[in-house]
Amino acid sequence: MAETRRGRWRWLRRLLAVAVVVALAVVAFDAVTEIAPPALPPPAPHAVTYEGETARVGNAYLARRAKLWVMQLAGDPVDLGYQHARLASPLMADGDARMVDLFATMVPSRALRAVVSAIVQARYRNLDQGFPVDRRAEIFGQSAGYADPYTFVFPTYQRLVYLHSLYDIALAFEHSPLLACTAFVAAGAATTDGHTIVGRNFDFDVDPWFDDDKVVAIVSPTGKIPYVSVGWPGMTGVVTGMNAEGIWINVNGGRAGELDSAGMPVVFTTRAVLEGARSLDEAIAIIEHDAPMASHILLVADGKTGESAVIERAPGRALGIVRDPNATVLANHYRTAPLKDDPKDARIRDLTTTLARDARMRELVERGRGRIDPATAAAMLRDRAGVGDTVVPLGNRNALDAIVTTHSVVADLTERVLWVSEGPHTLGRYARIDLRARLRDGERAAAIEADGDIAADPALTN
């Protein structure tokens, strides 16, 4: 009996020793793979005040405009991040909850989720080292201002670094939901008054949160060009935006090359363009400076000259540029060598709707030539027919509007005005956002913006 008890104690000691070793290994692994925030002084704390649905932190605010959230921020990078997170913490937490639930749905096994998380930690342990200094500082400011309910997943700064790279990582997925966006630019003789008009559908068919709680952010970085972007709570990079100089940029998914975790997330390159470019050539120079993390295509336009360009990028490949002084159309396939010769791009042409959407948009731009204005542009983005006006089922992915759009945006770059779909998808009204008025008058500009809204699609109520 005594021998049996001694045997049990030996096994218990061994089990405890193994548990201690595993726990120490986990702690050591977390320490080695932790992404530490930059050594910066924390931002001064500011209280959030509320008036109805409007939140304020100092002079920064988050308010409703139609069904959109409009956020206006100003300051240095740390302050911008802090203001953003303090204002949007509840929205960010809701989005994080959706992503956690989505991860659990896609990977039901808790053990497998732990393995996936460990792989992410190991592979991307140096992820932020290639980020611009200002972007690291802004994410640090966010981490200080975010009332984060998910610190048990990863430390706040580390998780925000992952989330800012998630767009690029998603682009690399074989069946990425980002490979369905369409855009165009029309200028000069192609429009009613010679203004430069842009239309863009951002299709990200992952979760309704990206549509329901989209954010229009008006940002005035200290010493840089103010800009407006359309995205989601917590995103400090740019997928769709325009600056005060009339420079436009948006990103569409493409497929070539391999993901390069040492490259620059595209949302930071686009942010740099808006903060720094006053011309198309300056925008292209900024884009050329960064090595991309994932393959993608950029649409850039200048409201002062009417010029536009498609910039095609992939890790380890030469940049492709297609310039047009009058009209440009963009879907999800490459047009320049060597990118158009990549087998992955061939698969996009063969297996997705990129060619059909490209052809339909070109058809509509040509049909509307000389008559394109913001209302016409919105009608083009809401187009649900196939090439040659072929009737296709509602939601067919060959249509420009497959009723999955996360945000749809029309811009008059000459006037520095956006119209942003309030949802659902393209069906609701397009709310007018006047960048010049917002920069001059702040939240008071909302009172004059509503007169220029584009009405909801009749399909919403019929």
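Mentor: Alanine 66 is in the loop between strand S3 (60-65) and strand S4 (68-75). Helices (H or I, at least four residues) and strands (E, at least two) are DSSP runs, numbered from the N terminus. This is a predicted model, in which local features need pLDDT of at least 70 and side-chain atom pairs count only at pLDDT 80 or more, while totals for chains, interfaces and linings use all residues. Residues are numbered from 1 along each chain as its sequence is written, and side-chain values use heavy atoms, with hydrogens and water left out.

Trainee: What is the phi of alanine 66?

Mentor: Phi of alanine 66 is near 55 degrees, a positive value in a residue other than glycine. Arginine 416, also not a glycine, has a positive phi of about 65 degrees. Arginine 416 lies in the loop between strand S15 (405-412) and S16.

Trainee: Is arginine 416 buried or exposed?

Mentor: Buried means under 20% relative accessible area, exposed over 50%, and partly exposed in between (1.4 Å probe, protein chains only). Arginine 416 is buried because its relative accessible area is 7%. Alanine 66, at 27%, is partly exposed.

Trainee: Where are the cis peptide bonds?

Mentor: One joins alanine 337 and proline 338, with omega about 5 degrees. Proline 338 is found in the loop between strand S14 (327-330) and H9. Another joins glycine 423 and proline 424, with omega about 0 degrees. Proline 424 is in the loop between strand S16 (417-421) and strand S17 (430-434).

Trainee: How much confidence does the predictor put in the chain?

Mentor: The score to read is pLDDT, the predictor's confidence in each residue, from 0 to 100. The mean pLDDT of the chain is 90, and 91% of its residues reach 70 or more. Over residues 17-32 the pLDDT is below 50, and this stretch has 4 contacts (heavy atoms within 4.5 Å) beyond near neighbours in sequence.

Trainee: Which residues have the most contacts inside the largest nonpolar core?

Mentor: In soluble globular proteins, nonpolar side chains tend to be buried together. A nonpolar core is a set of buried Ala, Val, Leu, Ile, Met, Phe, Trp, Tyr and Cys residues joined through side-chain atoms within 4.5 Å. Here the largest has 65 residues, and those with the most contacts inside it are Leu87, Leu127, Tyr167, Trp232, Ile249 and Val300. Helix H2 (residues 77-106) gives the most to this core, with 8 residues. Apart from it lies another core of 30 residues, including Leu68, Ile297, Tyr334 and Ile433.

Trainee: How many residues of helix H7 are buried?

Mentor: Helix H7 (residues 266-276) is mostly covered, with 9 of its 11 residues buried. Among them are Phe268, Arg271 and Glu275.

Trainee: How many salt bridges are there?

Mentor: A salt bridge is a side-chain nitrogen of Lys or Arg within 4 Å of a carboxyl oxygen of Asp or Glu. By this rule the count comes to 38. Lysine 344 forms one with glutamate 258, the closest N and O atoms being 2.9 Å apart. That pair links distant parts of the chain: lysine 344 is in helix H9 (residues 343-351) and glutamate 258 in the loop between strand S10 (247-253) and H7, 86 residues apart. Lysine 344 counts as partly exposed at 26% relative accessibility, and glutamate 258 as exposed at 57%.

Trainee: Which residues are linked in a network of salt bridges?

Mentor: Arg65, Glu422, Arg429, Arg438, Glu449 and Asp453 are linked in this way.
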